Amino acid sequence: MAATAVSQYYLSFHSIPEDGGTWRRRTGSSVCCTPPVAPIPSSSPPPVVGPELSLSFRAHVIPHPKKVEKGGEDAFFISSYNGGVVAVADGVSGWAEQNVNPALFSRELMSKASSLVEDEEVSYNPRTLIQKAHAATSSVGSATVIIAMLEKNGTLKIASVGDCGLRVIRKGQVVFSTSPQEHYFDCPYQLSSEAVGQTYLDATVSSVELVKGDTLVIGSDGLFDNVFDHEIVSAVGTTSDDVTNTAKVLANLAHTHSLDLSYESPYSLEARARGFDVPWWKKILGMKLTGGKLDDITVIVGHAESS
């Protein structure tokens with residue numbers, strides 16, 4: 001399996017819920033673009049108390065096995081503006097059933113967001129950035145999204161719609177994690193080209209104070225459906241401050257788990273908890289639903305350091 005250590009795009013689709021909306025069940029995949037990764041000090045940093053911080057980011061992407069040639073349908077961007085900005089969009093691949101390229105929406109959404117990072121109206125507010133990027137996106141489709149922006153005073157501001165995730169690792173522990181938003185199992189909230197979709201008003205907004213040495217792990221659900229938090233902590237600990245290697249290790253681990261039919265993944269455990277399992281006659285034989293989730297995998301790792 002070829003892996004790509006560059007940026008990427010993802011979409012997946014959701015089946016229609018009972019309330020008549022157009023949410024579609026996720027099926028998975030990803031695509032690439034190369035982001036700037038070297039942190040550049042802001043020319044006019046805001047007043048801060050204590051040492052200034054910035055995030056040094058690296059990314060690693062492994063597309064869904066069936067979408068390697070096209071690069072998949074995930075999308076992300078990384079910016080060195082201020083203390084650092086990172087975003088991941090995870091598209092909805094079911095649009096392909098309507099002869100729509102599922103990658104277009106997430107790619108354009110990330111492109112628009114990247115171009116609006118320094119917009120005065122955004123004012124370093126990730127929810128406002130989601131609002132303006134979504135409004136500027138004309139492609140048909142839908143996607144989940146997460147955006148995190150670090151101010152140089154150490155405040156990490158986060159806004160997310162759906163099930164892309166973020167973890168902050170400090171001294172061998174997860175000190176902060178996002179929670180997925182979903183209509184029902186495997187059907188996350190999503191920004192859409194359709195009027196019935198979610199908007200920036202539905203975003204979960206949060207913030208966390210970072211300190212020097214913290215590690216930030218952000219990714220599409222291809223990571224978090226296949227890798228437990230304790231495995232993320234272990235990978236961060238064993239790869240030390242090498243964010244390039246950490247991103248690669250985590251992406252490869254998620255990919256390995258996704259192919260393992262006997263692995264009790266976060267995804268299969270959640271499915272069983274929601275009532276999805278093997279037929280009754282298999283249960284009599286002692287069988288149960290197991291396995292990872294084949295998907296596009298986008299992993300971005302950042303390290304908080306003095307500016």
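Tutor: The crossing of α4 and α5 is right-handed; a crossing is called right-handed if the near helix is turned clockwise from the far one by less than a right angle, and left-handed if anticlockwise. This is a predicted model, in which local features need pLDDT of at least 70 and side-chain atom pairs count only at pLDDT 80 or more, while totals for chains, interfaces and linings use all residues. Residues are numbered from 1 along each chain as its sequence is written, and side-chain values use heavy atoms, with hydrogens and water left out.

Student: Which residues of α4 and α5 make the contact?

Tutor: From α4 they are Glu231, Ile232, Ala235, Val236 and Thr239, and from α5 they are Asn245, Thr246, Val249, Leu250, Leu253 and His257. Contact means heavy atoms within 4.5 Å.

Student: How many of them are nonpolar, polar and charged?

Tutor: The contact of α4 with α5 has 6 nonpolar, 4 polar and 1 charged residues. Ala, Val, Leu, Ile, Met, Phe, Trp, Tyr, Cys and Pro count as nonpolar, Asp, Glu, Lys and Arg as charged, and the others, Gly among them, as polar.

Student: At what angle do the axes of α4 and α5 cross?

Tutor: The axes of α4 (residues 229–239) and α5 (residues 243–258) cross at roughly 145 degrees and come within 9 Å. Axes are lines fitted to C-alpha atoms, for helices over the stretch in contact, and angles run from 0 to 180 degrees between N-to-C directions.

Student: Which residues of α4 are buried?

Tutor: Glu231, Ile232, Val233, Ala235, Val236 and Thr239 are the buried residues of α4. Buried means under 20% relative accessible area, exposed over 50%, and partly exposed in between (1.4 Å probe, protein chains only). The buried residues of α4 pack against β8, β9 (173–177), β14 (215–219), α3 (221–224) and α5.

Student: β8 is on that list. What is known of glycine 165 there?

Tutor: Glycine 165 is found in β8, which spans residues 165–170. Glycine 165 counts as buried because its relative accessible area is 4%. Leaving out residues up to four places away in sequence, glycine 165 touches Ile146, Thr178, Val217, Ile218, Gly219 and Phe224. Its C-alpha is 7.2 Å from that of serine 179, a residue 14 positions away in sequence.

Student: Now the cysteines. How many disulfides are there?

Tutor: A search of the whole structure finds 0 disulfides, a disulfide being a pair of cysteine sulfur atoms within 2.5 Å. Cysteine 164 counts as buried because its relative accessibility is 2%. Cysteine 187 is likewise buried, with a relative accessible area of 0%.

Student: A change of topic: what is the phi of asparagine 82, and what is that of asparagine 99?

Tutor: Phi is near 55 degrees in asparagine 82 and near 60 degrees in asparagine 99. Both are positive values in a residue other than glycine. Most residues other than glycine have a negative phi.

Student: Is asparagine 82 buried or exposed, and what about asparagine 99?

Tutor: Asparagine 82 counts as buried because its relative accessible area is 9%; its place is the loop between β4 (74–79) and β5 (85–91). Asparagine 99 counts as exposed because its value is 76%, and it sits in the loop between β5 and α1.

Student: What is the span of α1?

Tutor: Helix α1 (residues 103–116) has 14 residues and reaches 20 Å from its first C-alpha to its last, close to the 20 Å expected at 1.5 Å a residue. The expected span is 1.5 Å times one less than the number of residues. Among the buried residues of α1 are Phe105, Leu109 and Met110.

Student: And aspartate 260, what does it contact?

Tutor: Leaving aside neighbours within four places in sequence, aspartate 260 is in contact with Gly291 and Gly292. Aspartate 260 lies in the loop between α5 and α6 and counts as partly exposed because its relative accessibility is 30%.

Student: Lastly, how many helices and strands does the protein chain have?

Tutor: There are 7 helices and 15 strands. Helices (H or I, at least four residues) and strands (E, at least two) are DSSP runs, numbered from the N terminus. Of the 307 residues of the protein chain, 53% count as buried.
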